[in-house]
Amino acid sequence: MSALLARGPAPAGAATTRSSAPLRACRGPTPFRSHFQSVVASAAPAAQDASAPEKPQKQQKQQQQKKQGGGGGGGGGGGKAAEAAVTPRSEDFSKWYLDVVAKAELADYGPVRGTMVIRPYGYSIWESVQAVLDARFKELGVQNAYFPQLIPYSFIAKEAEHVEGFAPELALVTKGGGKDLEEPLVVRPTSETIINHMFAQWVQSYRDLPLLVNQWCNVHRWEMRTRPFVRTLEFLWQEGHTAHATAEEAEAEARTMIDVYTDFAVHTAAMPVVPGRKSRIESFAGANCTYTIEAMMGDKRALQAGTSHNLGTNFAKAFGTMYLDKESKRQLVHQTSWGVSTRIIGGVIMTHGDDKGLRLPPRLAPVQVVIIPIVKKEEDRVPVNEAAAKLAAAAKAAGIRVKIDADERQTPGWKYNRWEMRGVPVRVEVGPKDVASGTCVTARRDQGKEGKQMGVPMEPAAFTAHVQGLLDSIQEGLLAQARAFRDENIVDVKSYEELKAAVAEGKWARGGWAASDDDERRIKEETQATLRCFPFDQPAGPHTCFMTGQPAAEVAIFAKSY
């Protein structure tokens, strides 16, 4: 049990081996077009489904500091003052989100517009994401590597779909050492091109396949409308890249990795995502098809929380990535790429957060339990602190991530509010009366006053069993709440008018789809909703396309998104 909470492994039956389920063939890539947009590093078109532009950085930060009394971590009195520092979700979801990011000390604005500084507590959540996913990748035979951040522009231009898809988002380096460069360098937006350059040198025969690598790194995409964690000019992610001998192996890999992401989102982040296949329009530039996990946020917008791409032979053709098969014939490799970014942190905030701040799922929380000694008289300090230390040692021995907040400069009430804001799942209170009775008090972050329990035994085995039970219950409860919210806000539609009504209410619309790419673009233009995915979990048919009235093989989900 303790290992489960500390590392967050997949439950029994979850995807820890490569998928052997029947695979649906990918659709082919969009035909290559003969032109592409010129590259401009200083601007990019705003995503049509993005939220309204944020206020200028300086003005926004000043307003936050004024409202928050100078920012998070100050010496306020806690209680109602601390709660008032967060705009209620129901009043303004966007402001609530920015308040939580600031007050929970997750991130701050960087000096370059659209960039963010990830603060230690925010980065510790990312480290939790890394720890779980990296372990699972390695179980599947994936090895970590690192590739340069600067990429020759000619590499990007080799694959027509790729350059057309990324040209508006590229940042270019044109000078180095005070001199104009012979060729502009692209600051890494993604690494398919440079990795294929290396794969072409590393892969010689079928014995070199499959080749499975991953890198943890930063990428840059020039955005006009930004939001911390969700959409920034620079962000952190992992990107896996694989090469295979056959199309079937590549398709199996792409499906396996979206299963890994689904399992992580559901069982570690407690986000009940909808896995599925992207439409041709929404697929990754240069991919045969893209698989996605779509999560519903607290304002009902969709968040693309992770993707896995079947690249086919598109990049192999551009870079000459070939191998000798067993009959000594040269063949193109078949490839995949897949990634999850710091956007997942924004997803966790918007899925679980409330008016008191973060609510972190225990398996993801950097601190699962915070112990707060309560000392009013000097003679009580030593016995109370000793009791807190013993509880912390017992929890740590059981594999629970625990912290003692013994800061004597702040009141217990101030500490309660601070750790509630940071979303720590369980709080333990220890005072002199507790020491005398051999008990302590626990409080669940997810239940407020109703989650407080007196008289919890301090005896190590009983204490850790109680806390582990709370952590399991909180994990399950957050997932159940999020799943119920998602299911309540997905509407089955049978006509375009019904879709428009559902989207106008902020809900997801699900219905049969067999219409054209132009019809999909029309929906996006008229409603700002995009086709999020064709879910893997398809309801029983037959289905009728809500747009054309013709028979449809699948249902699709449309929603406004981040």
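The structure described here is a predicted model, in which local features need pLDDT of at least 70 and side-chain atom pairs count only at pLDDT 80 or more, while totals for chains, interfaces and linings use all residues. Residues are numbered from 1 along each chain as its sequence is written, and side-chain values use heavy atoms, with hydrogens and water left out.

Helix α13 itself spans residues 412–421 and is mostly covered, with 7 of its 10 residues buried. Helices (H or I, at least four residues) and strands (E, at least two) are DSSP runs numbered from the N terminus. Buried means under 20% relative accessible area, exposed means over 50%, and partly exposed lies in between (1.4 Å probe, protein chains only). The buried residues of α13 are Trp414, Lys415, Tyr416, Asn417, Trp419, Glu420 and Met421.

Turning to the sheets, strands of a sheet pair through backbone hydrogen bonds, either parallel or antiparallel. Here two strands are taken to pair if DSSP finds at least two bridges between them.

Another open sheet is built from 3 strands in the order β4-β6-β5, and its pairing is antiparallel. Strands β4 (150–152) and β5 (172–176) form the edges, each pairing on one side only. From one strand to the next, the twist averages 50°. Strand β6 (residues 179–187) pairs with β5 over 4 bridges in the antiparallel sense, and valine 173 has leucine 185 in β6 as its bridge partner.

Helix packing comes next. Two packed helices are described by the angle between their axes and the distance between the axes. Axes are lines fitted to C-alpha atoms, for helices over the stretch in contact, and angles run from 0 to 180 degrees between N-to-C directions. Helices α12 (residues 381–397) and α15 (residues 460–488) pack at about 65°, with their axes 9 Å apart. The crossing of α12 past α15 is right-handed; a crossing is left-handed if the near helix is turned anticlockwise from the far one by less than a right angle, and right-handed if clockwise. Leu391, Ala394 and Ala395 of α12 meet Pro460, Phe463 and Thr464 of α15, where contact means heavy atoms within 4.5 Å. By class, the residues of this contact are 5 nonpolar, 1 polar and no charged. In this grouping Ala, Val, Leu, Ile, Met, Phe, Trp, Tyr, Cys and Pro count as nonpolar, Asp, Glu, Lys and Arg as charged, and the others, Gly among them, as polar.

Helix α5 packs with α9 (residues 247–267) at an angle of about 145°, the axes lying 11 Å apart. This crossing, too, is right-handed. Val129, Val132, Leu133, Arg136 and Phe137 of α5 make the contact with Met257, Val260, Tyr261, Asp263 and Phe264 of α9. The contact has 8 nonpolar, no polar and 2 charged residues.

A search of the whole structure finds 12 aromatic pairs. Rings of Phe, Tyr and Trp (its six-membered ring) pair if their centres lie within 6.5 Å, and planes under 30 degrees apart count as stacked, over 60 as edge-to-face and the rest as tilted. Tryptophan 126 and tryptophan 216 form an edge-to-face pair, 5.8 Å centre to centre with 75° between the planes. This pair links distant parts of the chain, tryptophan 126 being in α5 (residues 120–139) and tryptophan 216 in β7 (residues 211–220), 90 residues apart. Both tryptophan 126 and tryptophan 216 are buried. Ring pairs also link Trp126, Phe137, Trp216 and Trp338 into a cluster.

In helix α8 (residues 192–202), phenylalanine 199 and tryptophan 202 are 3 residues apart, so about one helical turn separates them. Phenylalanine 199 counts as buried because its relative accessibility is 0%, whereas tryptophan 202 is partly exposed at 41%.
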